[in-house]
Amino acid sequence: MIGKLVKEKVRSGKQAINELYNTGYYGRPKGDVLELTLVEAAYLLYKNKLEITLDEKNLGFEEFFTEASKRQQFFELKYIVYKDLRERGYYVQPSVTDFRVYPRGGHPGKTQAKMFVYVRSERVPMLLKDLLTQYNAALNVRKQMVLAIVDEESDITYYEVKRLDIKGEMEQILPLEKPVSVTMLEDRVLVWDGETSRLLYENGFYGKPLDNERLQLSLVESAYLLDKGIIDIKDSNNGIIPDISEFSEIAASIDPDFTRKYSAYVDLRSRGFVPKTGFKFGTHFRVYSELHSTDKLPHSKYLIHAIPHDHEFLLPVMSRAIRLANSVRKQMLYAVKFTDAIEYIDIGRIKM
């Protein structure tokens with residue numbers, strides 16, 4: 001069976017429709033012609049099911065593969081993923097992402113596609129907006145969104161991408177009726193009153209005890225409690241920091257990520273979670289869905305990292321974060337603020 005290379009397609013005749021599409025769902029019939037993508041054609045050439053010509057000359061696999069890589073960006077990566085999926089027993093067709101993949105036992109005309117697969121190289125940074133464009137394309141037709149990352153040795157790691165509407169079960173109790181005076185010292189805030197320290201720590205897991213009487217609060221915790229009217233903050237010279245706006249400016253000069261972290265912190269508290277620093281995990285927060293006692297902390301389900309809407313993922317960094325989260329039995333979520341709402345993007349490894 002012969003196909004002709006024309007621009008970014010390989011075209012073959014009616015016999016190919018009968019032997020390739022009707023049996024293996026390769027390509028797309030257009031009248032009496034079967035039109036194959038470069039990736040599909042390369043795989044069929046590799047399987048000795050198709051011969052390919054260019055200007056009346058037969059192309060070997062090396063020649064075709066080299067020519068295809070000139071005509072389609074990231075052809076090599078897409079071929080690697082396509083071949084892997086086919087050899088795992090999936091029927092695969094081109095889609096608005098890179099591929100649509102049918103469930104095992106299903107095929108075009110019998111079942112709906114199960115997932116959209118988006119192919120990336122580990123070497124090429126990925127913009128969040130590009131990832132969400134692909135995700136929304138999958139969501140609009142109710143498909144699972146899968147990110148396939150090909151590393152420098154051509155191994156593939158598959159990730160599922162989805163938005164989560166997360167809910168915690170922690171009742172938010174702020175036990176103080178009037179503001180308590182606290183002091184900001186360098187990059188944290190100290191609560192001096194022993195009773196206040198215990199109430200904040202035991203009722204909402206705010207801060208960390210400095211000793212039996214005093215509590216130290218992080219910048220985001222301090223901003224939250226200041227905005228709620230629970231504390232009044234003064235500096236080390238007893239000057240009053242009057243409101244959340246001024247405190248936020250000071251905090252942002254100390255921590256460049258403060259504004260994003262604070263937005264996520266407020267949202268997580270409103271959803272019934274207790275956020276605490278995730279520094280030891282390389283993220284902004286570890287999150288508890290409920291907390292009955294500070295003496296025996298439960299397992300935290302999520303690690304949360306707040307990112308801007310124009311964030312650019314460095315894929316090796318993303319991979320390490322997800323791997324670490326999995327190793328400590330947590331989900332890695334990215335908190336993104338769009339206009340006035342925080343959305344949570346879950347990127348998790350899956351087995352195909």
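**View 1. The annotated "active site" residues.** The UniProt annotation "active site", from an unreviewed entry, covers Tyr288, His299 and Lys330; UniProt positions are given in the numbering used here, feature names are shortened, and annotations may be inferred rather than shown by experiment. This is a predicted model, in which local features need pLDDT of at least 70, side-chain atom pairs count only at pLDDT 80 or more, and totals for chains, interfaces and linings use all residues. Residues are numbered from 1 along each chain as its sequence is written, and side-chain values use heavy atoms, with hydrogens and water left out.

View 2. Look for Tyr288 in strand S20 (residues 285-288); helices (H or I, at least four residues) and strands (E, at least two) are DSSP runs, numbered from the N terminus. Tyr288 is buried, with a relative accessible area of 5%. Here buried means under 20% relative accessible area, exposed over 50%, and partly exposed in between (1.4 Å probe, protein chains only). Not counting residues up to four places away in sequence, Tyr288 touches several residues, including Phe205, Gly272 and His299, where contact means heavy atoms within 4.5 Å. Lys330 sits in the loop between helix H10 (315-327) and strand S23 (331-338), and Lys330 is buried too, at 9%.

**View 3. An open sheet of ten strands.** The strand order is S7-S8-S9-S11-S12-S24-S23-S21-S20-S19, with mixed pairing; two strands pair if DSSP finds at least two bridges between them. Strand S7 (92-94) and strand S19 (274-277) stand at the edges with a single partner strand each, so one side of each has no neighbour in the sheet. Within the sheet, three bridges join S20 to strand S21 (residues 302-307), and these two run antiparallel. Val287 has Tyr302 in S21 as its bridge partner.

**View 4. Strand S17 and its two partners.** In a regular strand the side chains alternate between the two faces of the sheet. Strand S17 (residues 231-234) has a covered face with Ile231 and Ile233, and an uncovered one with Asp232 and Lys234. S17 pairs with strand S13 (residues 180-185) in the parallel sense over four bridges, and Val182 has Ile233 as its bridge partner. S17 is also joined by two bridges to strand S18 (residues 240-241), running antiparallel; there the bridge partner of Ile233 is Ile241. Five residues lie between the strands of the S17 and S18 hairpin, where Asn238 takes a positive phi near 70 degrees.

**View 5. Inside the largest nonpolar core.** A nonpolar core is a set of buried Ala, Val, Leu, Ile, Met, Phe, Trp, Tyr and Cys residues joined through side-chain atoms within 4.5 Å. Phe247 and Ile304 touch the most other members among the 44 residues of this core. Helix H7 (residues 219-227) gives the most to the core, with six residues. A second, separate core of 41 residues includes Ala16, Leu38, Phe75 and Val92.

**View 6. Ser12 and its surroundings.** Ser12 lies in strand S2 (residues 9-12) and is buried, with a relative accessible area of 6%. Leaving aside neighbours within four places in sequence, Ser12 is in contact with residues including Met1, Asp32 and Leu50.
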